[in-house]
Amino acid sequence: MQIRPDQLAHHLRQGLRPLYVVHGDEPLQVQEVGDAIRAAARAAGHGERIVYTVAGASFDWSELLAGAQALSLFSAKRLVEIRIPSGKPGKDGSEALQRYAQAVAGGLGEEVVTLVILPRLDKATQASAWFSALDAAGVSVRIDPIDRQALPRWIAQRLAAQGQRVAPGEDGERTLAFFADRVEGNLLAAHQEIQKLGLLYPEGELGFEQVEAAVLNVARYDVFKFTEAVLAGQVVRALRMLDGLQAEGEAAVLVHWALAEDIRALKRVKDATAAGRPLPMALRENRVWGVKEKLYERVLPRLTDTVLHGLLHAAQVCDGLVKGLPHPDWPADPWQALRRLALMLAEPCAGITGPAAPAGPRCLALKPLAL
């Protein structure tokens with residue numbers, strides 16, 4: 001049985017299940033979901049908590065089932081917590097977890113509630129025998145990351161929970177957008193900033209000036225989220241993320257690799273469709289899926305062969321720059337070169353090409369290289 005994090009509170013009010021599996025990479029949400037289950041277990045009389053952390057192949061899986069079945073001197077009911085940070089229990093662990101799930105189904109859960117905490121799992125792992133056995137024996141809670149588009153609504157819900165809100169209409173949307181820009185990619189810090197607003201200001205409506213004065217810039221950016229913003233044509237956001245990656249000490253070589261890999265993949269998919277391959281097949285063959293798949297479908301019709309050829313050449317030049325090889329027509333600073341390459345890809349993706357491109361210094365800097 002699978003439920004979403006926002007369904008957990010209602011589920012727990014209906015009664016505890018013997019086993020819960022929580023999987024995801026967002027620390028704040030994993031912690032909050034785990035805390036809710038632990039609190040419900042304590043309220044139901046599970047006074048003793050046993051924690052097993054699976055750290056590599058040296059973990060003794062035989063202790064798990066033996067420990068859960070052993071009588072306790074302190075409490076008749078226990079909470080058994082199994083943490084698998086790698087998400088890969090191995091062959092022995094897979095067999096042990098399947099036996100454990102069978103024991104839960106056989107009545108172990110009458111006195112024991114089990115909480116299994118895992119990182120984000122791919123589809124293959126979710127289809128594995130051990131995960132399927134755990135899921136069938138209890139409840140699994142999948143925690144998906146909160147993307148930038150959903151972040152303002154999440155912030156508004158958190159503010160409402162502590163009796164605060166932003167102004168209605170465009171003013172409130174502007175306030176939430178500003179807040180989201182400051183905390184993007186760092187949900188734990190976002191939670192702390194929301195709590196700070198609860199301490200600084202009374203319940204009621206928050207103005208933009210209050211939020212602007214109180215909320216720190218604690219955003220954290222991911223290289224692959226950056227390339228998604230570029231492909232989405234979100235120029236301002238992409239440049240803000242690039243500045244953030246530089247400030248965080250990310251390697252320029254890695255940022256270039258991510259951009260160049262997308263440019264090469266776009267060219268390969270474009271060539272494949274021109275040769276008669278269906279677009280879905282061409283995307284799968286080039287290992288493009290998920291969010292990127294939808295972005296590629298939208299972007300490819302806007303990219304001509306000439307534009308892609310220019311992007312490939314620009315990526316080659318930028319590769320030399322981030323490795324210390326100067327080019328007379330490009331900025332010597334690697335991050336300025338990456339900025340230029342990102343803009344060269346982002347503007348066609350946003351539909352700003354050719355005569356429709358707005359005049360100004362930014363577009364003049366994007367004049368195609370002579371080939």
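Predicted model: local features only at pLDDT ≥ 70, side-chain atom pairs only at ≥ 80, totals over all residues.
**Stop 1: the largest core**

Select Phe 226, Leu 266, Leu 338 and Leu 345. These residues have the most contacts inside the largest nonpolar core, which has 50 residues. Now colour helices 11 to 17. Helix 11 (223-231), helix 12 (235-247), helix 13 (252-274) and helix 14 (279-285) each supply at least two residues of this core. So do helix 15 (291-299), helix 16 (305-322) and helix 17 (334-349).

Zoom in on Phe 226. Which residues is Phe 226 in contact with, leaving aside its neighbours within four places in sequence? Show Ala 238, Met 241, Leu 242 and Leu 245, then Val 255, Leu 259 and Ala 342. In soluble globular proteins, nonpolar side chains tend to be buried together.

**Stop 2**

**Stop 3: a nonpolar patch**

Switch to a surface view and select Phe 224, Leu 254 and Trp 257. Together they make a nonpolar surface patch of about 280 Å². Trp 257 belongs to helix 13. Is Trp 257 buried or partly exposed? Its relative accessibility is 40%, so Trp 257 counts as partly exposed; the buried class requires under 20%.

**Stop 4: aromatic pairs**

How many aromatic pairs does the structure hold? There are five. Two of them are worth a stop here.

Start with Phe 59 and Trp 61. Their rings are 4.9 Å centre to centre, with 80° between the planes, an edge-to-face pair. Phe 59 is buried, at 15% relative accessible area. Trp 61 is buried as well, at 10% relative accessibility.

Next, select Phe 178 and Phe 208. The ring centres are 5.2 Å apart and the planes lie at 65°, so this pair is edge-to-face. Edge-to-face needs planes over 60 degrees apart. Phe 178 sits in helix 8 (residues 170-183) and Phe 208 in helix 10 (residues 208-214), so the pair ties together parts 30 residues apart in sequence. Phe 178 counts as buried at 16% relative accessibility. Phe 208 is buried too, with a relative accessible area of 13%.

**Stop 5: an aromatic cluster**

Tyr 52, Phe 59 and Trp 61 form one aromatic cluster.

Notes:
Residues numbered from 1 in each chain as written. Heavy atoms only, no water. Core = buried A, V, L, I, M, F, W, Y, C linked by side-chain atoms within 4.5 Å. Buried < 20%, exposed > 50% of the residue type's maximum accessible area, 1.4 Å probe, protein only. Helix = DSSP H or I, 4+ residues; strand = E, 2+ residues; numbered from the N terminus. Contact = heavy atoms within 4.5 Å. Patch = residues over 30% accessible without salt bridge, like charges linked within 9 Å, V, L, I, M, F, W, Y side chains within 5 Å. Areas by Shrake-Rupley, 256 points an atom, 1.4 Å probe, with all protein chains shown as cover. Salt bridge = Lys/Arg side-chain N within 4 Å of Asp/Glu carboxyl O. Phe/Tyr/Trp six-rings, centres within 6.5 Å; stacked < 30°, edge-to-face > 60°.
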